[in-house]
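This report describes a structure with the sequence and model shown below. It begins with one pair of side chains and moves on to other parts.

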2 protein chains.
Amino acid sequence: MKGKYREIQEKVFDYLNSRPELVTPVEISMKEHRELCMRQLLGLVREAGIRPFRYCIEDPQKYFAIIEAVGSVDISLAIKMGVQFSLWGGSVINLGTKKHKEKYFDGIDNLEYMGCFAMTELHHGSNVQGLQTVATFDPITDEFIIDTPNDGAIKWWIGNAAVHGKFATVFSRLILPTHDKEGISDMGVHAFIVPIRDLKTHQILPGIEIHDCGHKIGLNGVDNGALRFSSVRIPRDNLLNRFGDVSRDGKYTSSLPTINKRFAATLGELVGGRVSLASSSASVLKVAATIAIRYSLLRQQFGPPKQPELSILDYQSHQHKLMPMLASTYAFHFATLHLVEMYSQMKKSHDELLVGDVHALSAGLKAYVTSYTAKSLSICREACGGHGYAAVNQFGSLRNDHDIFQTFEGDNTVLLQQVAVDLLKQYQEKFQGGTLAVTWNYLRESMKAYLSQPNPVTARWEGEDHLRDPKFQLDAFRYRTSRLLHSVAVRLRKHSKTLGGFGAWNRCLNHLLTLAESHIESVILVKFVEAVQSCPDASNRASLKLVCDLYALDRIWNDIGTYRNVDYVAPNKAKAIHKLSEYLSFQVRSIAKELVDAFDLPDRIIRAPIAMQSEAYAQYTQRVGF
Amino acid sequence: MKGKYREIQEKVFDYLNSRPELVTPVEISMKEHRELCMRQLLGLVREAGIRPFRYCIEDPQKYFAIIEAVGSVDISLAIKMGVQFSLWGGSVINLGTKKHKEKYFDGIDNLEYMGCFAMTELHHGSNVQGLQTVATFDPITDEFIIDTPNDGAIKWWIGNAAVHGKFATVFSRLILPTHDKEGISDMGVHAFIVPIRDLKTHQILPGIEIHDCGHKIGLNGVDNGALRFSSVRIPRDNLLNRFGDVSRDGKYTSSLPTINKRFAATLGELVGGRVSLASSSASVLKVAATIAIRYSLLRQQFGPPKQPELSILDYQSHQHKLMPMLASTYAFHFATLHLVEMYSQMKKSHDELLVGDVHALSAGLKAYVTSYTAKSLSICREACGGHGYAAVNQFGSLRNDHDIFQTFEGDNTVLLQQVAVDLLKQYQEKFQGGTLAVTWNYLRESMKAYLSQPNPVTARWEGEDHLRDPKFQLDAFRYRTSRLLHSVAVRLRKHSKTLGGFGAWNRCLNHLLTLAESHIESVILVKFVEAVQSCPDASNRASLKLVCDLYALDRIWNDIGTYRNVDYVAPNKAKAIHKLSEYLSFQVRSIAKELVDAFDLPDRIIRAPIAMQSEAYAQYTQRVGF
């Protein structure tokens, strides 16, 4: 399970290990935590010579590997790094043009130009097109004037704003003067570079009011602030003008024809954040699952009369809590690896089909993986009982820091709808004879299968060979997705006649979200099945196959009502699926130690005393002073 | 929804409002938090004259009301209070005899005798009978000698131990010298009062080693410590001797015949903690649901083209997240109220059947309610997006403090097994003609119904009147429980032949846990249906009925696979249940504001700026400094 970029990750660990004063302590005030995070970042960049910015642009896989490594030290540091390089830096490079790169690259790279990504407002997060901050062009001075028209438009949650930022990429409605009755024209949301603090004195610049958003549930090493602008003037050059520009005389030009296309192109450049979060979230799950499983092997409680106590992982209930989770961790590993590779390819080829696929897949995997991990962190804590509640055993900080992964870079409920939109587009293309994009062309086959009723013979097959056949599993996943897709398309058409498009969408929203999740689960399964099949070692392949089967059957069982309802499986087959998934949990338990060892996470990353690979209890008692 | 004890709760709030220096700030070090909590407790008892200890013994409903009130100020304070009065104080009074009450009551009551409840050890939490600390009687000096035989027996997580405790009730194996070959006899786990710090100097006493368990995920206002004993001598009188005593010459006497009966009697006295936690957890859920729902009404995002944005609670997906949760909150309110009343009655009557019922019901409700609330806190945070992540908006501290409710006073997975044990006992009694206890005598009827196949006619009824008929709903819940009970009994019998009792239990563990949850859900429904029926106001009754129907149908839909698999419902009925529960969520949404207002929680308890009843956004922006 080792990544390809272990070398640069080791460099991160070696540097931070050599600087014990940079280790984040269990108790630290918000103020100190922010300063420590800044020192960690400065140390990595300026002392250790790790310069993530160029990888962020040119070699995203390597960049994500660095983010993963620093995240295992302190997730705040990973997020602060992401704000600086992906969001602030990425917006300058990807939304700007050559002049911006020349002017800002070095300062961003060496941290002299600490910056912010000021998109979210108090009243608008998900609905980015509803942002209200305005940037009005003043043709007399050749400047834009940035204004916060009301308190709802205060930029909120802006990382690096409360303390360290010198600049911000500010998303604002571009307002141009016109000669018609209205007098102005709203060109939609664009991005502008706004200096917010003096480069030398670090004083907040005139017209800008910044307040501290204060304590968060986690990530308190990141200094989020709120910004209000009053007639802040910036040169015209500060418009990040890759997708739309304003000439000296106030004329708008763009290679893209509509506001919506420009908006889509702008947001499309920000997809890397989602790729990174999906991948980081899977890494967090690896750490949590490792702690919970190692401790559950160590911990003994109760047992048969007059016999030694049993490891709690030998209880069926505990296997039920942790083994499907371990299987999902493996599944997410392969799926996010695939996503990262696709994203890297896309950054090189700019192939249009690939862009669409990466967009939908990153939205779906980010939503699915972060939601699953968030739930799992709570299950892991609970599975470790009282000792899981000790701060040193990590679940608290992991959960508190990770929690917001479900919300930032796109609220999960909103992202899943984007997946559903994409599937419906594919569905329409299929029935209008258009091409199907790369990822989901399984729909082509399974939609056909769907149009007939489930096969009453295979619905009764319940042998282990059949249930463990990837053909059956994939068919089950795809059948469900196809069926959900077809039925929601019919419902949408029906309701839109009376409720309109928006009303129909809302009436079918739960259905659409189920569809999106179902689809993502099946994409994950495809990647897992491929990973099993391409595993070179026969014994490892057999182990992986066990894990993959558990992932597949556990998911099918979780939604057994749907399968039963359409008679895709007969009652006895449903029971057989349940029985086999319990048995697979039991089988996976017997190799659970090896499966978590294979993540190859050293104790210095795991850190929890209860999960140390030797003398865990002794390390734990020593930790409190015995 | 107002409780009967609002007066004493108001007294708590008024006192704490009058002492702003006692309010727990958002950021506070662990050390300061512990001292603040102690000052809060001292202030309430000595300044405000609130003396919970006597209520804890004589009027538990009033005691729980005080715990609820202080918990809404700081959950750490509620837990510290619980450690002092329920656990330390309760063990002295309920496990000791008159001499102990005379000697300790006043000191516990006025907080001069701060104390601990030292049961859990590093290696043993759930398996209390496996504790290893020993108390050996020394007939020469008439003392017990307390010893920690190995590091696994270090008392761990002991509240009040790290800083404030003067005494501890220490659970130890009572060892008596004998004249046979063994030389000693192990009488099982008993409770002993052990002074741990000098009453005047507060120095730790000789032979006792105390270390600080350190930071926890939450509840850092409670000072948990770890204790190791080396030949600590205490007078014989310090044995809490209600259920077993040792005479001057080292003879053991007890009114109860066996170690197991004495152990059960001892633990039986501690059931109040579970009652309190179930009730407190429901209160936490009320606060969280109120914040999430008020904010979801305020928050607008997206909407139909060219129309104002929509409140996010108008989205079907958001209704799906929050409305069944609101229904559960109401359900838990009535169920825990019932439990508290039963417990109060039990404390007065000591009726044996009632003791058994309270034991099983408190185990089941504590487990079910705390697990549900823990999950819901995460859902609420996520439903409030980025603003839900601000520490001032409460979800972080609520979740972190509440998290351990799932573990302490009995791990939820262990408690549910106690419910299953109890159900199996009832099942055996039924089939052996014994009496059935009060709570579950619905089994009598439904087991009969179960023995026949589901009615193929009613399995097809799908009209709203039928689905909203409590008779159908109760029958569905009970049918499921009865079926699970019968089938697990058959499986246990079968497996025990080859695997033995313990092995068979473990093989059926998931099944047993599902059975226990199913049973608890149906007990909750019974109480909800009763509350609806006894609601005097017709309009309120209709509203409550909506909420109750949503609770019932949502639960049935969540387990639709089970119902479909036995043809209890036909496919179209399953669809109708799904459709109706979505529609009920939509209906409940239309009275959601009134439903949370009815909890009657003032803004000073809710505290989250985003959930204030007027000008929420303005209060939020002011909070960060605008």
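B:R555 and B:D554 are both buried, where buried means under 20% relative accessible area, exposed over 50% and partly exposed in between, with a 1.4 Å probe and protein chains only. The two residues form a salt bridge, with their closest N and O atoms 3.7 Å apart. A salt bridge here is a side-chain nitrogen of Lys or Arg within 4 Å of a carboxyl oxygen of Asp or Glu. In chain A, salt bridges that share partners join A:R480, A:E521, A:D554, A:R555 and A:D559 into one network.

The model is predicted: local features need pLDDT of at least 70, side-chain atom pairs count only at pLDDT 80 or more, and totals for chains, interfaces and linings use all residues. Residues are numbered from 1 along each chain as its sequence is written, chains are lettered from A and ligands numbered from 1 in the order in which they are written, and side-chain values use heavy atoms, with hydrogens and water left out.

**Salt bridges**

Over all chains, the structure holds 68 salt bridges.

| Residue with N | Residue with O | Distance |
|---|---|---|
| A:R236 | A:D142 | 2.5 Å |
| A:R468 | A:D549 | 2.4 Å |
| A:R399 | B:D403 | 2.7 Å |
| B:R555 | B:D554 | 3.7 Å |

The side chains of A:R236 and A:D142 meet in a salt bridge. A:R236 lies in the loop between β9 (232–235) and β10 (245–246) of chain A, and A:D142 in the loop between β2 (134–138) and β3 (143–147) of chain A, so this pair ties together parts that are 94 residues apart in sequence. Helices (H or I, at least four residues) and strands (E, at least two) are DSSP runs, numbered from the N terminus. Both A:R236 and A:D142 are buried.

A:R468 and A:D549 also meet through their side chains in a salt bridge. Because A:R468 is in the loop between α14 (464–467) and α15 (470–507) of chain A and A:D549 is in helix α17 of chain A, the pair ties together parts that are 81 residues apart in sequence. A:R468 counts as buried at 17% relative accessibility, and A:D549 is buried with a relative accessible area of 1%.

**Single residues**

Helix α17 (residues 538–558) of chain A also holds A:D554. This residue counts as buried, at 10% relative accessibility. Apart from residues up to four places away in sequence, A:D554 touches A:P324 and A:S581, contact meaning heavy atoms within 4.5 Å.

B:V569 sits in the loop between α18 (560–565) and α19 (571–590) of chain B. With a relative accessible area of 1%, B:V569 is buried. Not counting residues up to four places away in sequence, B:V569 touches B:A459, B:I560, B:Y563, B:R564, B:A574 and B:I577. B:V569 and B:E521 are 48 residues apart in sequence, and their C-alpha atoms are 19 Å apart in space.

B:T266 is placed in helix α7 (residues 259–268) of chain B. It counts as buried at 11% relative accessibility. Leaving aside neighbours within four places in sequence, B:T266 is in contact with B:L95, B:F171 and B:F243.

**The two chains together**

How many residues of chain A are in contact with chain B? The count is 84 residues of chain A, against 83 residues of chain B. Between them the chains bury about 7100 Å², 54% of it on carbon and sulfur atoms; buried area is the accessible area (1.4 Å probe) that two parts lose on being put together, summed over both. A:Y389, A:F502 and A:F626 supply 12% of the area that chain A buries against chain B, more than any other three residues.

Chain A and chain B have 4 salt bridges between them. One of these joins B:D403 to A:R399. Helix α11 (residues 395–402) of chain A gives the largest share of the side of chain A that touches chain B, with 5 residues.

Chain A can be laid on chain B with an RMSD of 0.0 Å by a turn of 180 degrees and a shift of 0.0 Å along the axis, with copies superposed by least squares on the C-alpha atoms of residues with pLDDT of at least 70 in both. The two copies are therefore related as by a two-fold rotation axis. In chain A, the C-alpha nearest the axis belongs to A:G561, at 1.9 Å from it. The same surface serves both copies, as 99% of the contact residues of chain A recur in chain B.
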